Amino acid sequence: MDVNGKQIAVEEHGDGDAVVMVHGLGGTGNSWHPQVGPLSRFFRVVRLDLEGSGRSPATGALSIASFAADVTAVMDALDIPTAHLCGHSMGTIVCQHVAAEHPERVKSLALLGPLAEPPEPARQAIRDRAGVARKSGMVPIADTLVEVAISAETRSHHPAAAAFVREILMRQDAEGYARTCEALAAATSADLASIGCSTMLITGDEDGVSPPPAVKALSGRIKGSRVVVLPGCGHWTPIEKPTQVNGVLLNFYFSFS
């Protein structure tokens, strides 16, 4: 799809109220594949590869603002005036910005592995990761994240999920990934006080990026939001705990019926 002068890979499935799904750093629309089947039975599910990720090549500098603009442009192109936004990791920041800046376009937020912005100590580490991608490619990054970003339970009992995370990271274009790292490192919080839609925050008890105490603190900044903590789950929430995530999302979206 030609969006804002660039090519953005977009897939849609099903009919009904729209659910627009936004992946995180190192992800693609396929990060949501376990959710597409159950959700598309009842909803119109739209998932995209953000610029610089997967099948959407990077054409310039990337930022949270450019990602948010592309999400709303995709909605416009598909004639979706309002949607439920569902984000993972960096994608949760994108969704929060859309909800804060265009509240009339967002029916709800479902935020998995959520954060408002990277904590200061993490920003330089993310920039350093961009340097690794440019110098050494994606293999060392994939191997490191499989060890630190998913839970011990996932690595031991769900090795196919660990293999998927490694594969999706290894398949990223190194320069596109590096630019996405720089976009995330520069991210700032949306105006959370202006978010008025129903919001669900989901994290894992072993999520080191979005640990439960931090997610509960974030919930305190978004009026009326709720928190679900999944046991035995790291940061790749949709992949590590697909059945539990699907149940939480379906119950959340059915509450709007």
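What volume does the largest pocket have? It comes to about 610 Å³. Keep in mind that this is a predicted model.

**The largest pocket**
- Its lining is made up of 30 residues, and Leu115, Pro119, Val209, Ser210 and His235 are the ones nearest the centre.
- Helix 4 (120–136), helix 5 (139–148) and helix 9 (212–219) are the elements that each give two or more residues to this lining.

**Glu51**
- You'll find Glu51 in the loop between strand 5 (44–48) and helix 2 (64–77).
- Glu51 counts as buried because its relative accessibility is 2%, and the cut-off for buried is under 20%.
- The Glu51 side chain makes a polar contact of 2.9 Å with the side chain of Lys6, plus one of 2.7 Å with the side chain of Thr59.
- Leaving out neighbours within four places in sequence, Glu51 is in contact with residues including Ile8, Phe67, Asp70 and Thr180.

**Thr72**
- Thr72 sits in helix 2.
- With 11% relative accessibility, Thr72 counts as buried too.
- A polar atom of the Thr72 side chain lies 3.0 Å from the backbone oxygen of Ala69.
- If you skip residues up to four places away in sequence, Thr72 touches Val98, His102 and Arg105.

Notes:
Residues are numbered from 1 along each chain as its sequence is written. This is a predicted model: local features need pLDDT of at least 70, side-chain atom pairs count only at pLDDT 80 or more; totals for chains, interfaces and linings use all residues. Side-chain values use heavy atoms; hydrogens and water are left out. Helices (H or I, at least four residues) and strands (E, at least two) are DSSP runs, numbered from the N terminus. Buried means under 20% relative accessible area, exposed over 50%, partly exposed in between (1.4 Å probe, protein chains only). A polar contact is a pair of N or O atoms within 3.5 Å; within protein, one must be able to donate a hydrogen and the other to accept it, and residues adjacent in sequence count only if both atoms are side-chain atoms. Contact means heavy atoms within 4.5 Å. On a 1 Å grid over the protein atoms alone, a cavity is a set of points where a 1.4 Å probe fits but cannot get out, and a pocket is an open set with protein on both sides within 12 Å along at least five of seven lines; lining residues have an atom within 4 Å of a point. Grid points are joined across faces, edges and corners, and a volume is the space filled by probe spheres set on the points.
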